[in-house]
Amino acid sequence: MKLTPEQIAFFDREGWLFLPELFSPEETAFLAREAEAIYGTSRPEVWREKSGAPRTAFAAHLYNDAFRVLAAHPRMIEPIEQVFGEKVYMHQFKINAKSAFTGDVWQWHQDYGTWKRDDGMPEPRAMNVAIFLDEVMPINGPLMLVPRSQHAGDLEASHDLQTTSYPLWTLDETTVTRLVGEGGIVAPTGKPGGMLMFHGNLVHGSAGNITPYPRKIVYLTLNAVSNHIRTPTRPDYIAHRDFAPIATLDDDALLQLARAHREAAE
């Protein structure tokens, strides 16, 4: 899978790109069922809100076949290799759950700020690639992005250990206000199967979800192999130490696995 010159130009300027319904309903329904099963476990990789609702599940690609296949899917890997001009490895894999009624906020932040401070990543040559497993709507806590904010570089941040169950390097209101004044806010929405990619320095966050509609999103954090982390402080299921380039699978691998699971259940 290759991005067009127009798509690359948009990404370079705006810092994000959304590809609607890149994965089929059959593929995404399979992933959504597997995600719910993982949220029901008591594994240490599954972190929860203060309410007890699931917040995120790390490293599912290491213990679940569906997400193992997704983690090596060419539709997710090849566009990032194209942007970086080199092979990538999996720095982090997580399934974020913005649960119905109880999904909590994600404060305004840059991802690279955490990767640099907590993991020792040299440069912002890593990127989040996200797959919608539920319909993402304006009302159920969509990811909000500040276009072109990646051009501001690595911004000063504070380590927020109190607001939610997940520690995060967050930006102050004055900085966010200035950047929003320059670039505005966009909130990509769409049906399950949409793929969002955004620059490691793009400022983003999301509000809580008080609707009956859950909002599950899978995030692959893909890092250029030459940019591997140097001084990790977080557990290896959060910041991986395997820097081997990802070998992609066939494009129909996830679909074939979904059908095999369905046939086995019949």
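This is a predicted model: local features need pLDDT of at least 70, side-chain atom pairs count only at pLDDT 80 or more; totals for chains, interfaces and linings use all residues.

Colleague: What makes the radius of gyration of the protein agree with a compact globule?

Modeller: For 266 residues the rule gives a value near 18 Å, and the protein has 17 Å, so the two agree. The C-alpha trace spans about 55 × 40 × 35 Å along its principal axes. Its secondary structure comes to 7 helices and 12 strands.

Colleague: How much of the protein is buried?

Modeller: Buried residues make up 55% of the 266. The label requires a relative accessible area under 20%. The protein exposes about 11100 Å², and carbon and sulfur atoms supply 55% of that area. As for contacts between residues at least 6 apart in sequence, 86% join residues at least 24 apart.

Colleague: Why is the pair of Phe10 and Trp16 called edge-to-face?

Modeller: A search of the whole structure finds 6 aromatic pairs. In the pair of Phe10 and Trp16, the ring centres are 5.3 Å apart and the planes stand at 80°, so it is edge-to-face. The cut-offs are centres within 6.5 Å and, for edge-to-face, planes over 60 degrees apart.

Colleague: Are those two residues buried or partly exposed?

Modeller: One of each. Trp16 has a relative accessible area of 13%, under the 20% limit, so Trp16 is buried. Phe10 has 27%, between 20% and 50%, so Phe10 is partly exposed.

Colleague: Which residues do ring pairs link into a cluster?

Modeller: Trp47, Phe58 and Tyr237.

Colleague: What makes you say that Arg43 lies over the face of Tyr63?

Modeller: Arg43 is at 3.6 Å from the ring centre of Tyr63. The criterion asks for CZ of Arg within 6 Å of the centre and within 35 degrees of the ring normal. Arg117 also lies over a ring face, that of Trp169, at 5.1 Å from the centre.

Colleague: Why is helix H4 called mostly covered?

Modeller: Count the residues: 8 of the 11 in H4, residues 74-84, are buried. Among them are Pro74, Met76, Ile80 and Phe84. The buried residues of H4 pack against helices H2 and H3, and against strands S4, S6, S10 and S12. Gly85 follows H4, with a positive phi near 75°.

Colleague: Asn201 lies in a loop. Why does Asn201 count as buried?

Modeller: Asn201 has 4% relative accessibility, and the limit is 20%, so Asn201 counts as buried. The loop runs between strand S10 (195-199) and strand S11 (204-206). Beyond residues up to four places away in sequence, Asn201 touches Gln110, Tyr112, Pro124, Ser149, Gln150, Gly153 and Asp154.

Methods: Residues are numbered from 1 along each chain as its sequence is written. Side-chain values use heavy atoms; hydrogens and water are left out. Rings of Phe, Tyr and Trp (its six-membered ring) pair if their centres lie within 6.5 Å; planes under 30 degrees apart count as stacked, over 60 as edge-to-face and the rest as tilted. Buried means under 20% relative accessible area, exposed over 50%, partly exposed in between (1.4 Å probe, protein chains only). Helices (H or I, at least four residues) and strands (E, at least two) are DSSP runs, numbered from the N terminus. Contact means heavy atoms within 4.5 Å. The radius of gyration is taken over C-alpha atoms; the globule rule is 2.2 Å times the number of residues to the power 0.38. Accessible areas come from the Shrake-Rupley method with a 1.4 Å probe; for residues, only the protein chains shown count as cover.
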